[in-house]
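My notes follow in the order I looked things up.

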Amino acid sequence: MTKRLFQSPKGIKDILPDQQPHWQFVEKKIHRIGQLYGYEKLELPVFEETALFQRGVGEGTDIVEKEMYTFKDKSGTSVTLRPEFTAGVVRAYLQHGLSNLPSPVKIWSLGPVFRYERPQAGRFRQHSQFNVEALGEQDPALDFEIMSIAYHLFEDLGFRKIHFQINSIGCPMCRPNYLRALIDYYQPIQAKICRECQKRLKKNPLRLLDCKNPLCRSPIEKAPPSVHFLCKECEIHFETLKTYLDRLKRPYTQNHRLVRGLDYYTKTVFEVWVEGIGAQNAVCGGGRYDGLAEALGGPPTPGVGFASGLERIILTLKEQKVEIPEPVRPNVYFAFQGDDAKNKVVEFLSILRKHNIEAIMGFGSRSLKSQLREANRRNIQFVIILGENEMAQKKVLIKTMEGGVQESVSWDGLIPFFEKRIGSS
Ligand code: HAM
C-alpha cells in the first residue's frame with residue numbers, strides 16, 4: 001500500500017516561517033493601535049452554538065446559508081466554527097454583564113474565522129481577522145473613531161491610497177420604506193436580473209445591491225439609494241459622521257450600492273479599499289449594529305465595529321511593496337570538533353541565551369566544515385569554533401562572517417565580547 005502525503009484542506013493556507021516577519025509586523029501594530037485608542041483584548045472560543053450566528057448574522061445571508069462549518073458535537077448540539085466575531089463579542093458582552101463597565105465598552109480580538117467560500121486570491125476558507133467593537137453608545141463620533149482605528153492602522157502599516165466607501169442603510173423605523181421602494185423598483189424588471197437576485201428579491205432585497213453578476217450591474221446603478229429614505233435620526237447620524245470625515249480629511253466615497261453581507265447592520269456601513277487588491281477584496285468592512293444585542297435576547301445596546309482580514313492586509317503590504325523590518329535571526333552559531341567540545345558547547349549555549357544572545361549550534365556528528373556551511377546558509381553574524389586546540393587552551397575562535405576577521409577569546413571573555421559587539425551593533 002502506498003502512503004499518500006497529506007495536504008492542507010482546500011482554501012486553507014499554512015503560514016510558513018518565512019512569512020512570519022509580515023505577520024509579526026502587522027500583529028505588533030494591531031496591539032499598539034488597541035492601546036492607543038483605549039481598546040481591550042477579548043479572546044473568544046473558536047466555535048459557538050450554531051443558533052448564535054443564525055440569529056446574529058442572519059438566516060438569509062450567504063454566510064449562514066452557504067458558508068458555515070457546522071457540525072454536531074458528541075452531545076448532539078449543533079455548533080459552528082465562527083464565521084465572524086461580532087455575534088460572539090455581543091454574546092460575551094451580554095453573558096458576562098460587560099454593560100456594567102464604563103460605556104462604551106471597547107474591545108478588540110484577533111484570530112481565525114472560517115467560511116466555506118470559493119477560494120481565490122485574498123479569499124480563503126480560514127482567514128485571520130482583527131476585529132474591533134465598541135458597545136453601548138449611539139454617538140456618530142464613535143462610528144468615526146472606529147473608522148479612524150482602521151485608517152490609522154493602514155496608514156501606520158504604510159499603505160497608499162486608503163479610501164473609505166460609506167453608506168447608511170437606515171434603521172428598523174426607516175428601512176421598511178426603503179425595502180418597499182426597492183421591491184417596487186425590481187419587481188417589474190425581475191426577468192432581467194440573475195437567478196440569485198430573483199431569490200434575493202423575495203428573501204433579502206437589500207442584498208440585490210451587492211450582486212456581482214454583470215447582468216445585474218445596470219439595474220443596480222439605477223436602483224433607488226437607501227439614503228433617500230432615511231428617517232431624521234438616521235439622516236442626522238450620517239451627516240454628522242460625514243462632517244467628521246470631512247474635517248479630518250479622510251478620503252471617502254458615498255457608495256449607494258454598499259449594503260454589506262451581514263444582516264445586523266443599521267445606519268452606518270463602510271469598507272476600506274486600498275490600492276493593490278481592489279474593490280472585490282475589501283481590506284476591511286464594518287458598521288453599526290444597534291439591534292444585534294436585542295436580537296440575541298439582551299437589552300437594547302447600540303454597537304459599532306469593523307473587521308479586517310490579516311491575509312488581505314499582508315497581500316496589500318506585498319502588492320504595495322511596503323518594506324518591513326528584518327526578522328530577528330540568531331547572531332551566533334557555535335561549531336565544535338569532538339565530543340568533549342560538543343558537551344562544552346551545550347553548556348556555553350545555555351549561558352549565551354541566559355545573557356539574551358541569540359545563539360544556535362550544529363547537531364549530530366557533522367564535520368566542522370559542514371557546520372560552517374550551515375552557519376553560512378543561515379546567514380549568521382558570528383561563528384564560534386571550539387576545536388581540540390581551543391579546548392586545551394580554554395579559548396574559542398570567533399569568526400565575524402562579514403569581513404572574515406578571526407579572534408581568539410578566552411572562555412571568560414566570551415560573554416563580554418558579545419555584549420560589546422552585539423550590544424553596539
Ligand atoms: P466581513 O466584511 O464579512 O465583516 O469581513 C471583514 C473582513 O474580513 C473583510 O473586509 C476581509 O478583509 C476579511 N475577509 C472576509 N472574508 C474573507 C475570506 N474568505 N478570506 C480572507 N479574508 C476575508 C465581518 O466579518 C463583520 N463581523 C465586521 C464587523 C465587525 N462589523 C461590525 N463589527
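Which are the buried residues of helix 7 (residues 195-203)? I found C197, R200 and L201. Buried here means under 20% relative accessible area, exposed means over 50%, and partly exposed is in between (1.4 Å probe, protein chains only).

Before going on, I noted that this is a predicted model, where local features need pLDDT of at least 70 and side-chain atom pairs count only at pLDDT 80 or more, while totals for chains, interfaces and linings use all residues. Residues are numbered from 1 along each chain as its sequence is written, and side-chain values use heavy atoms, with hydrogens and water left out.

**Helix 7**

I looked down the axis of helix 7: its buried residues fall within an arc of 105 degrees, so they line one face of the helix. The arc is taken from the directions from the helix axis to the C-beta atoms. On the face turned away from the buried side I found the exposed residues R195, K202 and K203. The buried residues pack against helix 3 (62-67) and helix 6 (175-186). Contact means heavy atoms within 4.5 Å. For the numbering, helices (H or I, at least four residues) and strands (E, at least two) are DSSP runs counted from the N terminus.

**Helix 1 with helix 5**

Next I checked how helix 1 (residues 20-36) meets helix 5 (residues 140-156): their axes come within 10 Å and cross at roughly 140 degrees. That makes helix 1 oblique to helix 5. My cut-offs are under 35 degrees for roughly parallel, over 145 for roughly antiparallel, 65 to 115 for roughly perpendicular and oblique for the rest. The axes are lines fitted to C-alpha atoms, for helices over the stretch in contact, and angles run from 0 to 180 degrees between N-to-C directions.

From helix 1, K29, I30, I33 and L36 meet I149, H152, L153 and D156 of helix 5. By class, I got five nonpolar, one polar and two charged residues for the contact of helix 1 with helix 5. Nonpolar covers Ala, Val, Leu, Ile, Met, Phe, Trp, Tyr, Cys and Pro, charged covers Asp, Glu, Lys and Arg, and the others, Gly among them, count as polar.

**Helix 1 with helix 11**

What about helix 1 and helix 11 (residues 310-319): at roughly what angle do their axes cross? I read roughly 115 degrees, with the axes coming within 10 Å. That makes helix 1 roughly perpendicular to helix 11. The crossing of helix 1 and helix 11 is right-handed. Helix 1 brings H22, W23, F25, V26, E27 and I30 to the contact, and helix 11 brings L310, E311, I313, I314, L317 and K318. The residues of this contact divide into eight nonpolar, one polar and three charged.

**Helix 5 with helix 9**

Helix 5 packs with helix 9 (residues 232-247) at an angle of about 45 degrees, and their axes are 8 Å apart. I therefore logged helix 5 and helix 9 as oblique to each other. Their crossing is right-handed. P140, A141, D143, F144 and M147 of helix 5 make the contact with H237, T240, L241, Y244 and L245 of helix 9. I counted seven nonpolar, two polar and one charged residues by class.

**Loops**

In the loop between helix 4 (86-95) and strand 5 (105-114) I stopped at P104. The peptide bond from S103 to P104 is cis, with omega near 0 degrees. S99 sits in the loop between helix 4 and strand 5, and is partly exposed at 47% relative accessible area. S99 and L135 are 36 residues apart in sequence and 8.2 Å apart in space, C-alpha to C-alpha.

I then went to the loop between helix 12 (339-354) and strand 13 (359-361), where N356 lies. N356 has a positive phi of about 70 degrees although it is not a glycine, and counts as exposed at 67% relative accessibility. E358 lies in the loop between helix 12 and strand 13, partly exposed at 33% relative accessibility. Not counting residues up to four places away in sequence, E358 touches V328, R329, P330, N331 and V332. E358 and R329 are 29 residues apart in sequence and 7.3 Å apart in space, C-alpha to C-alpha.

My last stop was N379, in the loop between helix 13 (368-377) and strand 14 (382-386). N379 has a positive phi of about 60 degrees although it is not a glycine, and counts as exposed at 57% relative accessibility.

How values were computed. A crossing is left-handed if the near helix is turned anticlockwise from the far one by less than a right angle, and right-handed if clockwise.
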